[in-house]
Amino acid sequence: MNRSAMPAVAILLCTYNGQRYLSEQLESVATQTYPHWRMWASDDGSQDDTPSILTEYRSKWLKGRLSIVQGEARGFVANFLSLCCRDEIQADYYAFCDQDDVWETDKLQRALDCLQAVPADIPALYGSRTRLVDANNGELGLSAPFTRPPGFAHALTQNIASGNTMVFNHAAVALLRAAGSEVAVVAHDWWLYLLVSGVGGQVFYDAYPSVRYRQHGGNLVGMKTHWLARLVRLRTIREVWQGTFRAGNERQMQALQAMRAKLSPANRVILDRFMLARNRWLLPRLLGFWQSGIYREPLGSHLGLIAAAILKKI
C-alpha cells in the first residue's frame with residue numbers, strides 16, 4: 001500500500017449475537033481522534049438485533065464508512081481470518097475490533113504513532129494492555145503487563161496482547177492472506193503474533209490500556225483479574241492436564257510449518273528445537289525447550305509452563 005500523511009485504517013469487526021453492547025462499541029469507534037478509518041463488519045449469523053444495529057449505523061454514518069458482510073458461521077477465529085483475507089479490503093493499517101468492548105478515544109492514534117515508524121514492506125503489529133471492566137463498564141483493574149521484549153520464542157507459548165487492542169500494517173495482513181482463512185489455529189490474534197514475530201517483523205507492546213475490555217458471561221475469551229484469575233487458572237490447569245493446550249500447540253506448529261519459508265533463519269531454528277523437544281523424553285525435552293528460549297509472562301505463568309513441559313503437556 002502507498003504511504004500517505006493520513007493513512008487509511010480498516011477496522012475489522014466480527015459480530016455474533018452482540019446486541020447488548022454493540023452500540024456502545026460503535027460509538028467509541030466513532031469518537032476516535034484519528035478520523036481516517038473505514039469499518040468492515042462480518043456477522044456470523046446473529047439471531048438477535050445485531051444485524052439491524054449494524055444496518056442502522058451504516059445508514060447514519062457517512063456513506064462507505066461501514067460495510068457489512070456475512071460470516072461463514074464457523075466461529076470467531078474463522079470469522080476474523082476470513083474477514084482479513086477479503087481482497088476487497090485494502091488499507092494501510094488494520095485493526096481487530098470485538099463487539100462488546102469500548103475503545104479509548106486515542107486508541108488508533110497511539111497505534112499509528114508506533115507503526116508509522118516502520119517501513120511499509122516490514123510486517124508490524126501493535127498491541128496494548130487493557131483496562132478490565134464489568135458488564136456495566138465499571139472498572140475491575142488492568143490486564144497483566146508484559147515486561148520482556150516481544151519475540152517468536154515468546155509467541156510460541158503465549159500471545160502478547162488481546163486481539164481487541166491489535167493494529168497492524170498491510171505487510172502483516174499479507175502474511176495472514178498467504179496462510180489463508182482455513183488455517184486451524186487457536187486464535188486469530190495469537191496467530192498474527194506468531195507470523196509477524198516469526199518472519200522478523202516489528203511487534204510493539206504498549207503498557208497504556210487502549211481498550212476497556214468487558215468481562216461478562218457472554219464473551220468468548222476473557223482476561224485474568226482478581227477473583228476471575230483464580231477461576232481462569234483452574235480452567236487453564238484443567239486444559240493443560242486434559243491435553244487441550246498441547247493439541248492447540250500441535251495445530252499451530254503445523255500451520256507454522258506451512259509458512260516455514262517465510263520465517264527468518266533464526267526463528268526456523270527456534271521452531272525446530274521447540275517441535276523436536278515436544279516429543280522427546282524428559283531431560284532432552286527440558287533441554288530442548290531451554291535451548292529454544294520459550295517463555296511466558298508473568299513469572300507464575302512461566303512456572304506453569306515449566307510444569308507443563310515436565311508433564312509433556314506443551
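Which residue's side chain meets Arg-110 in a salt bridge? In this predicted model, the partner is Asp-206, with N and O 3.0 Å apart. Let's start with the whole protein and then come back to that pair.

## The overall picture

The protein has 12 helices and nine strands. Its C-alpha atoms fill a box of roughly 65 × 45 × 35 Å, taken along the principal axes. How does the radius of gyration fit with a compact globule? For 314 residues, such a globule would have a value near 20 Å, and the protein has 19 Å, so the two agree.

Of the 314 residues, 53% count as buried. The accessible surface comes to about 14,000 Å², and 56% of that belongs to carbon and sulfur atoms.

## Inside: two nonpolar cores

Now for the inside. The largest nonpolar core has 55 residues, and those with the most contacts inside it are Leu-12, Leu-156, Phe-168, Trp-191, Leu-192 and Leu-256. Helix H7 (residues 188-198) gives this core its largest share, seven residues. There's also a second, separate core of 28 residues, which includes Ile-11, Tyr-34, Met-39 and Tyr-57.

Leaving out residues up to four places away in sequence, Leu-156 touches Trp-190, Leu-194, Asn-249, Met-253, Leu-256, Ile-270, Leu-271, Phe-274 and Ile-294.

Trp-281, Leu-282, Leu-283, Leu-299, Leu-303, Ile-306, Ile-310 and Leu-311 make a nonpolar surface patch of about 810 Å². Helices H11 (282-292) and H12 (299-310) each supply at least two of the patch residues, and H12 has the largest share, with four.

Take Ile-306, which lies in H12. Is Ile-306 buried or partly exposed? Its relative accessibility is 37%, so Ile-306 counts as partly exposed.

## Charged pairs

Side chains of opposite charge can pair when their charged atoms come close. A search of the whole structure finds 11 salt bridges. Three of them are listed here.

| Salt bridge | Closest N to O |
|---|---|
| Arg-131 and Glu-139 | 3.7 Å |
| Asp-272 and Arg-260 | 2.8 Å |

Asp-206 has a relative accessibility of 12%, so Asp-206 counts as buried. Arg-110, at 29%, is partly exposed.

Next, Arg-131 and Glu-139 form a salt bridge. Arg-131 is partly exposed at 22% relative accessibility, while Glu-139 is exposed, with a relative accessible area of 53%. These two also belong to a network of salt bridges that links Glu-104, Arg-131, Glu-139 and Arg-212.

Finally, there's the salt bridge between Asp-272 and Arg-260. That pair also links distant parts of the chain, 12 residues apart: Asp-272 is in helix H10 (residues 265-278), and Arg-260 is in the loop between helix H9 (244-258) and H10. Asp-272 is partly exposed at 34%, and Arg-260 counts as partly exposed at 26%.

Methods
Residues are numbered from 1 along each chain as its sequence is written. This is a predicted model: local features need pLDDT of at least 70, side-chain atom pairs count only at pLDDT 80 or more; totals for chains, interfaces and linings use all residues. Side-chain values use heavy atoms; hydrogens and water are left out. Patches are made of residues with over 30% relative accessible area and no salt bridge: like charges are joined within 9 Å, nonpolar side chains (Val, Leu, Ile, Met, Phe, Trp, Tyr) within 5 Å. Accessible areas come from the Shrake-Rupley method with a 1.4 Å probe; for residues, only the protein chains shown count as cover. A salt bridge is a side-chain nitrogen of Lys or Arg within 4 Å of a carboxyl oxygen of Asp or Glu. Buried means under 20% relative accessible area, exposed over 50%, partly exposed in between (1.4 Å probe, protein chains only). A nonpolar core is a set of buried Ala, Val, Leu, Ile, Met, Phe, Trp, Tyr and Cys residues joined through side-chain atoms within 4.5 Å. Contact means heavy atoms within 4.5 Å. The radius of gyration is taken over C-alpha atoms; the globule rule is 2.2 Å times the number of residues to the power 0.38.
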